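Keep the viewer open as you read.

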Amino acid sequence: MAKINFGGVEENVVTREEFPLSKAQEVLKDETIAVIGYGVQGPGQALNQKDNGINVIVGQRKPSKSWDKAVADGFVPGETLFEIEEALERGTIICYLLSDAAQIALWPTVKKHLTPGKALYFSHGFGITYKDRTGIIPPADVDVILVAPKGSGTSLRRMFLEGRGLNSSYAIFQDATGKAEEKVISLGIAVGSGYLFPTTFQKEVYSDLTGERGTLMGAIQGIFAAQYEVLRSNGHSPSEAFNETVEELTQSLMPLVAENGMDWMYANCSTTAQRGALDWKDKFKDAVKPVFEDLYKSVATGEEAQKSIDSNSQPDYREKLEEELKEIHESEMWQAGREVRKLRPENG
């Protein structure tokens, strides 16, 4: 592992230079990787492994849209695409990539096929961390490992095709074979990670649930809506309000942050913008930090997990989700966004 200094704190990370794909291929040469589920993470991870020369099969219900998608992506029924139970039987490493709720429902079937020496792989620590709530308790004679790409499966695949990698965390919950570490790092490289950093199942899910509800999705939508509504209520047009709230951030400023950091983005903005941002950043931090503390506590106590389990297990979950997403989709802010996107130069 390489030691990297992160702001004065040293961390061990695994890079593709020190653990090349050829080494991962050697470790996994006798394994059959069974990707169970072909929804959010499944396609990206399965296709990247396939393109990296790993023996990967997909397990999916038939008939289903996901089955058809796997066929369209090049997986061949009876050869590299099977119904779930057959894939579970064939696989030596089970990549359990269903949704958290679906993992709970399928667990009795999965557990039946976890024979000694196999490995159970997750990309989210939810099922194991909240095992008292999910019932997902693996047998003691299998490896239990995790690789969690820090982004969607779509981003993982896109960056792989561009020759880049999406950073991932990795963890070992159970090492029954003595080979769990080399397996999990090899899988992390095979799915297309940029670099890998160690964590635990618990820390992964705590940070993930906090991030999704916070700056990655929940908080950012709330902040967007608040600023947009203030601008509109003070007479600004939808176009002006959307551009100043979303478009400039996503198209101009965030790429600068991604390139060299927030300080570099500040340095490349006007002096007026710099002064205002520096004056107001602590006010926003002080305002929202208590919310984040409440959020983290809700994650750590399992309250957020239980809400997800209760909600996502309901038979009408999809219908209710569509209604909530429809509300965002039809809001004036995101209607304005659709029109603004049409006017981008690349769409002209």
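Axes here are lines fitted to C-alpha atoms, for helices over the stretch in contact, and angles run from 0 to 180 degrees between N-to-C directions. Helices (H or I, at least four residues) and strands (E, at least two) are DSSP runs, numbered from the N terminus.

## About the model

This is a predicted model, in which local features need pLDDT of at least 70 and side-chain atom pairs count only at pLDDT 80 or more, while totals for chains, interfaces and linings use all residues. Residues are numbered from 1 along each chain as its sequence is written, and side-chain values use heavy atoms, leaving out hydrogens and water.

## Helix α11 and its partners

Start with α11 (residues 218-233) and α17 (residues 332-342), whose axes lie 10 Å apart at an angle of about 90°. These two helices are therefore roughly perpendicular (65 to 115 degrees; under 35 counts as roughly parallel, over 145 as roughly antiparallel and the rest as oblique). On the α11 side, Q221, F224, A225, Y228 and R232 meet E332, M333, W334 and A336 of α17, where contact means heavy atoms within 4.5 Å. By class, this contact has six nonpolar residues, one polar and two charged; Ala, Val, Leu, Ile, Met, Phe, Trp, Tyr, Cys and Pro count as nonpolar, Asp, Glu, Lys and Arg as charged, and the others, Gly among them, as polar.

Now turn to α12 (residues 238-260), which packs with α11 at an angle of about 150°, the axes being 8 Å apart. That is why α11 and α12 are roughly antiparallel. In this contact, α11 supplies F224, Q227, Y228, L231 and R232, and α12 supplies P238, A241, F242, E244, T245, V246 and L249. Eight of the contact residues are nonpolar, two polar and two charged.

## The second largest pocket

What is the volume of the second largest pocket? It is about 1,500 Å³, taken as the space filled by probe spheres set on grid points joined across faces, edges and corners. On a 1 Å grid over the protein atoms alone, a pocket is an open set of points where a 1.4 Å probe fits, with protein on both sides within 12 Å along at least five of seven lines; lining residues have an atom within 4 Å of a point.

Of its 31 lining residues, I223, Q227, L249, Y266 and F284 are the closest to the centre. Two or more lining residues come from each of α11, α12, α13 (262-267) and α14 (271-300), with α14 giving the most, 11 residues. The lining comprises 21 nonpolar, six polar and four charged residues.

## A parallel pair and a cis bond

Helices α2 (residues 42-51) and α8 (residues 153-161) have axes that come within 8 Å and cross at roughly 25°, which means that α2 is roughly parallel to α8. Their contact has three nonpolar, four polar and two charged residues.

Finally, look at K62 and P63, joined by a cis peptide bond with omega of about 0°. P63 sits in the loop between β4 (56-59) and α3 (65-72).
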